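Have a look at it, and then we'll go from the overall fold to the inside and on to the place where the chains meet.

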Amino acid sequence: MASKSRKRAKGRTNHDPVEQVKRSLDRGDYKQALKDARVWYRQSPGGELRCYLEHAYMGRLQQLIRNGLTDDARRIAGELLDLGVTETAVESILPDVLLAVGMLDRLPQAQGRLTDEDHRRLAVKAADQAVVRPGNTPASMKELRGEAKRIRAALEAVERGDEAGASDQLKEISRQSVFADWKYFIRGLMAYYRKDRSEMEANWGRLAPDRAAASIAAPLKIMAGMPVPEQGVALRAKIARLEAQAAGQSVLSSLIRLRQLLADHNWAQVVKTFRVVRQTLRDFDVDLYQKVIDCLWGSLAREGCLDELVRFSRIADPPALDPRWNRAQAIACENSEYYDDDPRVYWQQYLDDLETLPWLPVSQRNLARGLIWLHLAEDDLEEAVRFRGCPCGRDHSEEVELAMRNAEFCFRACMRAAPDYAPGYMLAARFYREEQRPREAAEVYAGLLERVPDHLDALTELADHHVRRGSARQALQYAIRARDLKPLDKATGELLWTSQLGMAEELGRAGDYDQAREALAAADSVLPMRAADCDVMARKAVLEIKANNPAGARSLVEQALERLEEPTVLWLAMTLAASRYQLKLEEVWLYEERWREALRRRCRSSTAGGMCRLIVETPPAPQADAELSKYARDLWGYVKRCSRVKWNLEDLRAVCEFLGAYDQWSLLMKFVKKGIRRFPEVGYFHHLVGVEEIRKGPLRFNRKRTIDAFQRAILLASASSDPRDRRLLEEARKGLSVVTGMLPGVHSRTSRNCDPVCHWDDDDDDEAPSDGVPFADMTVEAIRELFEQTCARLGLDPEQVIDELNKRGPARTGATAKTKGLV
Amino acid sequence: MRDPYQVLDVSADVDDAALRRRYLELVRRYPPERCPQQFAEVREAYEQLRDPARRLERELFKAGGCEILDDVIAGMRSKLQERRIATETLLSLAER
């Protein structure tokens, strides 16, 4: 030991004492610096060493305060004050340090050099300290201690829930007081517990940011969901402390962190963080834990993050409805653009899970299985639409057929799994109807009626089906049942009326004239306003001819003619009725000739509309199909001549419907143009523009024009009160979705559907035509490059394609005009 | 659209009668002429839950996202805000 002291002393003598102290100060070793400075200062007081001694005292003092050694700090502060402070830098810190050790009452010795600003700052600090650490406030500062006591009393009153008591305590504190910040803080705190956000903001918004009250308010603001500019580590620690006091654990912080990670799409970190906090969440509240799991798997599945979902499923408890995570993985696959995994595999496994899922009663399990089959069927239909709209130019008919077969299988499986779920039947029937398979659709409706005998839609659809097939007796049965269910409904009324007309026809053909007349009278009673319609009068007249009552027939024809401007429509109605009632051919020809004769007259809107309505609305009798096509051809001729007619809306609409029904699209579009010009507020004509564009196919349609047309149709149909526009609205929306399906870039999950040739958007993003850049905005060079790339993909010769395009006539749009520049 | 269970403040296993009771209670609280937005929200939520098939369909195919966590956080905040914080704990937050 002695040798060590000697060595130290020897060492010291070798160095300048000032240098030695300075080195210790620089190192932050204030204890050693103070020790050495004291020794050397005692030996040779004054000069430079005194300066370093004061700095060493101050450094040591601050160190002790930081370490919470207040008593030692007080002793050192006393020594420093006894020594006296001469250094300006030390003097400037001294008040704060004295305040911290509760010796502010000894400050007057040094007060002479303090500025007003220093005084204000010290007063504020002293006030904060008096509230936060009252023990450090000298007993001599009675006034300060009294006010601080009041603030603490108010805080304790708030803690007890005694707001009145807290307000009483705050009354005495003026706005100019250094405790005013505490007053605002406590008022804000009361608002915090009341969840009065505006009051909270009003009070806490007034806090000076460097005051203690503001530091307390910051974590509370976060707890209340208010914005806080900076959220550092210290603030997070404070929130955790608050939560621990309020709830026992820091759950909110974990949730806020997870939320932030979700917002940042940092999926890997989400899973890692959940692994860390899951136990805390579960211990806190099992329901909350389950909700967080729902949120996380849902987010991962929605984003198609299959890998992360699999990792997550290893550490999280599965949802009650999905014990093996198959449903979650299926949804993730559906939303994934990068995985080849087929969601069907997971859905199939989930169907197996549902067999034994204890959480659901059997009926619900069956319904769930039905719903999944339906979901798969819709997926297949979407796939078929994607293939149909694939712009690659290859023949996808096999894929389409496969998708449709799968859809059919799924619809049938749905009906088997959930036999009481009516929407399953309705969607299946709609599928068959759209596939032009009315017999299967009728079977589905009949199946539904077995389970739900009063299903109105099934009854009306079946009635309609039988009307179209000409089996009036069956149609009538269903129409009567539908009418009983909804006696005031216009559509069921019309269906019953049509069925009665059909019934009259059937009876008339069988020679049962009285009953046929009764059926016609019944039809009149269902829709009395249509009793005098040209079509009905013609049917009645033809029945009378058939019943060998020419006088009656003549009278009916005369009555009908009186109501008409010209007889053309009536002769067509008579011709059709004569054919349907199977009059003798000579009689049919007689009316046919009269009609042809009348057709030569000047064209009229009402005549064209009336005839078209007759052809479209009258369901063809099976044996009269050939005649109907023949009459339709004659009617085209008439309609073609109607170029200078002043159209009535309903007539023009009937003409368009007729031309659409008989696939006369080029003629139809002429009338559509007229319709848009004359009736721009009618959505129907705009809709037809969109339909016509879609008919052109993915390589020829004009995207902008189609979208504009459907959007306009949707807008107008939504504002219309016409019941027909409700159906139009649905069709236009469907059309719009088809347009997006025709574009490259819409192949979601196409990687499992088409081969890479079809994937402009999947594999060669840099080469693909951008969905977001319209052709009109591209340069000729860019279009040329794109065109050549596309030809190369499809194995076509660009020159030949251009020749073909030129043969097809002039460019119709800006885009095609630009392509002319390629030649 | 918010989670309908949250809107109606009912649990996922609520029965039909309780669901209807809760709906009527909320409709009385938010009449359409005074609170049209809340009324519409409550109605939409009820429509989603009243039909067992629609409810099950929603359960099967929904993939909840951040909105669930937002609701959880809001609920959590509300719960924590109700708990009184000890004065000493509050004052200890003054340390920077």
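This is a predicted model: local features need pLDDT of at least 70, side-chain atom pairs count only at pLDDT 80 or more; totals for chains, interfaces and linings use all residues.

**Finding your way around**

As for secondary structure, chain A has 41 helices and zero strands. Chain A runs to 823 residues, and 39% of them count as buried.

Now for the inside. In general, soluble globular proteins tend to have their nonpolar side chains buried together. Here, the largest nonpolar core holds 225 residues, and those with the most contacts inside it are Ile186(A), Ala538(A), Val542(A), Ala573(A), Met574(A) and Val655(A). Which helix gives the most to this core? That's helix H20 of chain A, spanning residues 362–388, which puts in ten residues.

Leaving aside residues up to four places away in sequence, Val655(A) touches Ala608(A), Gly609(A), Cys612(A), Val639(A) and Phe671(A).

On one side are 53 residues of chain A, in contact with 30 residues of chain B. Helix H16 of chain A, residues 286–302, supplies the largest share of chain A's side, with nine residues. And what is that side made of? The residues of chain A that touch chain B split into 32 nonpolar, eight polar and 13 charged.

Technical notes: Residues are numbered from 1 along each chain as its sequence is written. Chains are lettered from A and ligands numbered from 1 in the order in which they are written. A nonpolar core is a set of buried Ala, Val, Leu, Ile, Met, Phe, Trp, Tyr and Cys residues joined through C-beta atoms within 7 Å. A residue is buried if 20 or more other C-beta atoms lie within 10 Å of its own, exposed if 12 or fewer, and partly exposed in between; C-beta atoms are placed from the backbone. Helices (H or I, at least four residues) and strands (E, at least two) are DSSP runs, numbered from the N terminus. Two residues are in contact if their C-beta atoms, placed from the backbone, lie within 7 Å. Ala, Val, Leu, Ile, Met, Phe, Trp, Tyr, Cys and Pro count as nonpolar, Asp, Glu, Lys and Arg as charged, and the others, Gly among them, as polar.
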